[in-house]
Amino acid sequence: MSEYPNTIILPQTNQLVSLYSIIRDVNTRRGDFVFYSDRIIRLLVEEGLNQLPVEPHTVKTSTGISYEGSRFVGKICGVSIIRAGESMEQGLRECCRSVRIGKILIQRDEETALPKLFYVKFPEDIAERYVLLLDPMLATGGSAIMAAQVLLDNGVKEEKILFLNLLASPEGIKAFYEKFPKIKIITGGVDQGLDANRYIVPGLGDFGDRYYCI
Amino acid sequence: MSGDSHCSSSRYIPPWTQPYIIGVAGCSGSGKTSVAQMIIEEINQPWTVLLSLDNFYKSLSPEMSAKAFANDYDFDKPDALDLDLLFKCVQELRNGRKAEIPVYSFAHHQRTERTTTIYGANVIIIEGIYALYNPDLLELMDTKVYVDTDLDICLARRLNRDIVHRGRDLEGILKQWHRFVKPNSERFVIPTISSADVVIPRGADNTVGIDMLTKHINKQLDIKSREHLSHLEMLSQSTEALNYENVTILEETNQLKVINTTLFDRECDRTEFIFFFDRIAILLINAGLEFLDCRESEIRYTPGNHAYRFMEQLHAVVAVSIIRSGDCFMDSLKKTFPELTVGKLLIQQDTHTGEPRLHTERLPDIAGRKVFLLDAQIVSGSAAIMAVQVLVDHGVAEADIVLVCYLATKVGIKRILRAFGGIAIVIGKQQSDEQGSSFFKSRFIDAQYFGTS
């Protein structure tokens with residue numbers, strides 16, 4: 001993925017690969033799917049937060065000595081793409097209590113077969129914030145690109161957007177990069193590609209359905 | 001890694017493989033038990049084990065049992081006791097293994113189904129009429145005590161004890177005394193006085209004698225403590241190269257730096273502290289998981305019917321927490337492994353000397369398992385070393401131990417690796433040379449996490 005410098009892939013450790021092995025499996029039941037997805041999401045969120053800028057910050061320790069450390073600069077918020085993206089909100093909250101979370105609903109228009117924006121709700125000062133955009137799957141990138149565009153339209157700076165997903169396709173990363181080269185994509189894994197129906201291969205099925213319904 | 005690579009100077013010798021062993025003998029009713037109890041109270045050592053010979057009576061056959069109920073069985077001859085089993089139990093303890101101490105029922109003249117499991121004794125007191133009888137046992141004893149009380153007084157005490165506490169009748173007791181107890185005492189017990197280092201006349205009333213005895217024992221235990229400590233100290237001094245291959249120190253990313261800064265800040269309130277510690281705990285546990293073996297197994301299918309190779313994690317983890325700082329990881333562990341098995345060890349440092357002492361071990365069946373050993377802070381490393389030794393004693397291979405800690409000093413890690421080069425260690429932040437050592441030596445993690453000093 002070196003040709004896309006904006007993309008950060010979590011280290012493909014045995015542990016991570018075995019977590020994915022479980023959630024990919026068609027026979028994995030929903031309880032396990034949710035549990036193991038949540039574990040991956042937690043790692044994604046930690047890596048996402050790791051991309052935020054810091055400044056030097058010195059504190060006094062309990063023994064009275066000074067420790068030259070760091071603190072984050074600027075405020076953040078999450079924006080989840082309804083419905084699958086909402087599954088990642090808990091993971092974000094586990095790392096940032098009381099974080100503000102905006103929502104976007106994008107659905108495929110049955111007549112044109114193109115993604116269409118149905119609903120948007122953002123924190124008022126979103127233009128001043130870093131935004132963690134949440135959507136578990138980056139397949140063609142259609143809805144994520146639209147969501148990013150909505151963020152830009154609301155005054156968010158491109159370089160202040162981090163797009164977190166569990167699984168991406170090379171096609172999706174390419175499409176997203178060509179449109180928004182300054183947005184960082186943080187993904188847990190990149191799969192082989194898309195099939196004729198534009199689903200990720202091998203993928204893990206419809207994330208929202210498996211997380212919420214099946 | 002081969003286990004032979006440890007030379008003798010780099011092996012950890014836990015205090016329980018060299019327990020201080022005291023034998024207390026004397027005739028029945030002489031006051032041995034009281035003397036032994038007084039010694040235990042006076043020396044006040046954690047993990048002092050009292051082995052009473054009363055639990056080592058041999059089980060009786062039905063015929064012998066019938067004789068026993070008719071007060072016609074000789075319980076006072078040396079043969080009535082299984083001194084070989086006692087010797088074996090002491091040997092097991094000295095080898096760092098668990099010993100199963102039998103429990104004898106006087107009401108049924110039988111060994112019961114139950115046993116008492118003992119492990120990790122620092123001091124062992126062997127008490128009974130024949131404590132100084134078996135030459136093999138005498139070899140193992142550091143101090144041999146004989147309680148010398150007049151036989152008339154012994155009988156008086158015995159009457160009281162057997163009638164009140166053991167539900168026997170007067171006639172039976174007297175019959176037994178004259179037929180068995182007295183002759184055996186004269187023939188077998190009293191001669192063992194010649195093996196004693198110390199003779200305490202009269203028994204528990206002899207406070208001067210007992211005081212002198214405990215002073216001597218305390219002096220010997222002090223020497224033993226100092227040797228243990230200096231041995232731990234030596235582990236950091238050897239110049240032999242260490243293998244850091246299985247040591248993971250989390251990379252200090254922006255993210256981690258912010259978490260560390262928050263946790264180190266003395267102004268940090270507890271809600272904040274717990275929240276940030278739990279975050280780093282998850283990262284540490286995930287780093288530890290990298291030491292578990294995985295194997296590519298069969299082909300499986302996704303909901304889209306695409307094939308992929310399943311990666312299987314081969315081990316279920318057992319967590320062992322060193323009370324209390326290891327307990328800070330419990331919440332995060334449960335979030336990572338919902339069906340986690342947990343063991344606990346209480347190891348505390350003596351406030352004066354700093355010597356680590358094992359107070360409690362509550363371990364599930366861990367032989368042959370993968371164990372995460374949790375300790376939030378490594379300062380001298382001695383508690384962790386002791387904990388690893390306990391795991392090894394319980395059948396866990398060094399290669400199957402992952403020690404997970406948040407803060408660690410370099411010297412602490414060095415000592416641990418010197419003693420146990422085969423274990424893996426995950427560290428959140430290691431003291432760097434310019435950082436104040438005083439801070440890394442102050443134990444504040446569990447105090448803040450649990451909100452007590």
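# Asking how we know: chains A and B

Me: Which residues of H4(A) are buried?
Reply: Helix H4 of chain A has Ala144(A), Ile145(A), Ala147(A), Ala148(A), Val150(A) and Leu151(A) as its buried residues. Here buried means under 20% relative accessible area, exposed over 50%, and partly exposed in between, with a 1.4 Å probe and protein chains only. Before we go on, this is a predicted model in which local features need pLDDT of at least 70 and side-chain atom pairs pLDDT 80 or more, while totals for chains, interfaces and linings use all residues. Residues count from 1 along each chain as written, chains are lettered from A and ligands numbered from 1 in written order, and side-chain values use heavy atoms, without hydrogens or water.

Me: How do you know that the span of helix H4 of chain A agrees with its number of residues?
Reply: The expected span is 1.5 Å times one less than the number of residues. With 12 residues (142-153), H4(A) should span 16 Å, and its end C-alpha atoms are 17 Å apart, so the two agree. Helices are DSSP runs of H or I with at least four residues, strands are E runs of at least two, and both are numbered from the N terminus. Just after H4(A) comes Gly155(A), with a positive phi of about 90°.

Me: Why is Leu162(A) called buried?
Reply: Its relative accessible area is 4%, so Leu162(A) falls on the buried side of the cut-off. Leu162(A) sits in strand S9 (residues 161-165) of chain A. Val131(A) is 31 residues away from Leu162(A) in sequence, yet their C-alpha atoms are 6.1 Å apart.

Me: And what makes Met38(B) partly exposed?
Reply: Met38(B) has 25% relative accessibility, and therefore counts as partly exposed. You will find Met38(B) in helix H1 (residues 32-43) of chain B. Between the C-alpha atoms of Met38(B) and Asp79(B), which are 41 residues apart along the chain, there are 29 Å.

Me: Why does Ser98(A) count as exposed?
Reply: Its relative accessibility is 69%, so Ser98(A) is exposed. Ser98(A) belongs to the loop between helix H3 (89-95) and strand S5 (101-108) of chain A.

Me: What makes the phi of Ser98(A) worth a look?
Reply: Phi of Ser98(A) is near 50°, a positive value in a residue other than glycine. Most residues other than glycine have a negative phi, and most peptide bonds are trans. Arg198(A), which is not a glycine either, has a positive phi of about 65°, and lies in the loop between strand S12 (193-194) and S13 of chain A.

Me: Where are the cis peptide bonds you can show me?
Reply: One runs from Val201(A) to Pro202(A), with omega near -5°. Pro202(A) is in the loop between strand S13 (200-201) and helix H6 (207-212) of chain A. Another joins Ile323(B) and Arg324(B), with omega about 5°. Arg324(B) is in the loop between strand S11 (317-323) and helix H10 (330-336) of chain B.

Me: What makes a space a cavity or a pocket?
Reply: On a 1 Å grid over the protein atoms alone, a cavity is a set of points where a 1.4 Å probe fits but cannot get out, and a pocket is an open set with protein on both sides within 12 Å along at least five of seven lines; lining residues have an atom within 4 Å of a point. Points join across faces, edges and corners, and a volume is the space filled by probe spheres set on them.

Me: Which residues lie nearest the centre of the largest pocket?
Reply: They are Arg108(A), Ala139(A), Ser143(A), Tyr199(A) and Asp206(A), out of 37 lining residues. The largest pocket has a volume of about 1200 Å³, and S5(A) gives the most to its lining, with four residues. By class, that lining has 19 nonpolar, 12 polar and six charged residues. Ala, Val, Leu, Ile, Met, Phe, Trp, Tyr, Cys and Pro count as nonpolar, Asp, Glu, Lys and Arg as charged, and the others, Gly among them, as polar.

Me: How many helices and strands does chain B have?
Reply: Chain B has 14 helices and 17 strands. Of its 453 residues, 55% count as buried. Along the principal axes, the C-alpha atoms of chain B fill a box of roughly 85 × 55 × 45 Å.
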